[in-house]
Amino acid sequence: DKKIEGLLKGEMISVFGNNFSADLGDRLNLLFDSHLVGHGSKVIEFENQFKKKIGFENAVATNSCTNGFWVLLKSLKLKSTDEVIIPSTHFFGVANVLKLLRIKHRIVDVDQKIPNASIAGIISALNKNTRAVICLDYGGYPFDINALKNAVRRAGHKNIEYILDAANSPFTKFKNKFTALAYDYSVYSFDMNKVLVTGEGGMILSNKNLDNARAISYYGIKDKSTTGFSKSKEMSKWWEIGDTEPSLKLAMNNIAASIGRSQLEI
């Protein structure tokens, strides 16, 4: 970006890289000593810490951003006749998820000035089957979500979910407020090339109920206990899982969550 280069007077901007806290090793050693390195309490603590920082009520941590999209889109119970709009600059992982779930998607081109999705393009792609629009703040430039909402309203469309792909913009703000808060859902990535790094990982944030998404992220188990170990403290038959909807194991583990928590404090 020539404008940014001019402001920085030729200084380089680091696009990829990570920075870990000095005490991360000590934290991980304590975790390893506990042997509870799988999905558990550290994940819940990371979810609570991250959602509080951004300002959302609910969170579900996953083992990648792509799987976060799989969990979210499956939890929305979209039908094969439904459609989702995505920008042409999107990472192909999101399109893969839509194809695997057999959900139709329409790709819209970017704006002429800022490489976010063109609002006019989104409006022209809307039809009676559109159920969600996935946006992203490309390069940290905030997408004008409020302008899009107004345009969709004027076009007479309702019941559309607005989803932010915040993989590369977890802390983007506009007028001192996180841009994610204007969306129904926001999905994050914590892989090694992102702003906040856990090695691999993702998270879904929303002010809407995410109980179904949490179940889908962990075999479809609707029991809210974090682990069989924690459940054993409350009941004798800890192995009984009750109601389930067949799904995969896509939840984050305590190791990644501990790294994430240390990143939030840097």
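Me: What does K42 count as in terms of relative accessibility?
Reply: K42 counts as partly exposed, because its relative accessibility is 29%. Buried means under 20% relative accessible area, exposed means over 50%, and partly exposed lies in between, with a 1.4 Å probe and protein chains only.

Me: What kind of model is this?
Reply: This is a predicted model in which local features need pLDDT of at least 70 and side-chain atom pairs count only at pLDDT 80 or more, while totals for chains, interfaces and linings use all residues. Residues are numbered from 1 along each chain as its sequence is written, and side-chain values use heavy atoms, with hydrogens and water left out.

Me: Back to K42. Which residue forms a salt bridge with it?
Reply: K42 pairs with E45, and their closest N and O atoms are 3.7 Å apart. A salt bridge here is a side-chain nitrogen of Lys or Arg within 4 Å of a carboxyl oxygen of Asp or Glu.

Me: Where do E45 and K42 lie?
Reply: Both lie in helix α3, residues 41–54, and they are three residues apart, about one turn of the helix. Helices (DSSP runs of H or I, at least four residues) and strands (DSSP runs of E, at least two) are numbered from the N terminus. An α-helix has 3.6 residues a turn, so residues three or four places apart point the same way. E45 also counts as partly exposed, at 29% relative accessibility.

Me: How many salt bridges does the structure hold?
Reply: The structure holds ten. One of them joins the side chains of E47 and R214, at 2.9 Å from N to O. E47 lies in helix α3 and R214 in helix α8 (residues 211–217), so this pair ties together parts that are 167 residues apart in sequence.

Me: Is E47 buried or exposed?
Reply: E47 counts as buried, at 2% relative accessibility.

Me: Which residue does R131 pair with?
Reply: R131 forms a salt bridge with D82, the closest N and O atoms being 3.6 Å apart. R131 lies in strand β4 (residues 130–136) and D82 in the loop between α4 (65–75) and β2 (83–87), so the pair ties together parts that are 49 residues apart in sequence. D82 counts as buried at 4% relative accessibility, whereas R131 is partly exposed at 27%.

Me: New topic: helix α10. How many of its residues are buried?
Reply: Nine of the eleven residues of α10 are buried, leaving the helix mostly covered. Among them are N254, A256, A257 and S258.

Me: Which helices do those buried residues pack against?
Reply: They pack against α2 and α3; contact means heavy atoms within 4.5 Å.

Me: At what angle do α2 and α10 cross?
Reply: The axes of α2 (residues 24–34) and α10 (residues 254–264) cross at roughly 150° and come within 10 Å. Axes are lines fitted to C-alpha atoms, for helices over the stretch in contact, and angles run from 0 to 180 degrees between N-to-C directions. The two helices are therefore roughly antiparallel to each other. Angles under 35 degrees count as roughly parallel, over 145 as roughly antiparallel, 65 to 115 as roughly perpendicular and the rest as oblique.

Me: Which residues of α2 meet α10?
Reply: L24, R27, L28, L31 and F32 of α2 meet N254, I255, S258, I259, R261 and S262 of α10.

Me: What about α3 and α10, at what angle do they cross?
Reply: Their axes cross at roughly 35° and come within 8 Å. The residues making the contact include K42, E45 and F46 of α3 and R261 and L264 of α10.

Me: Where is N159 found?
Reply: N159 is in the loop between α7 (145–154) and β5 (161–165). N159 has a positive phi of about 55° and is not a glycine. At 68% relative accessibility, N159 counts as exposed.
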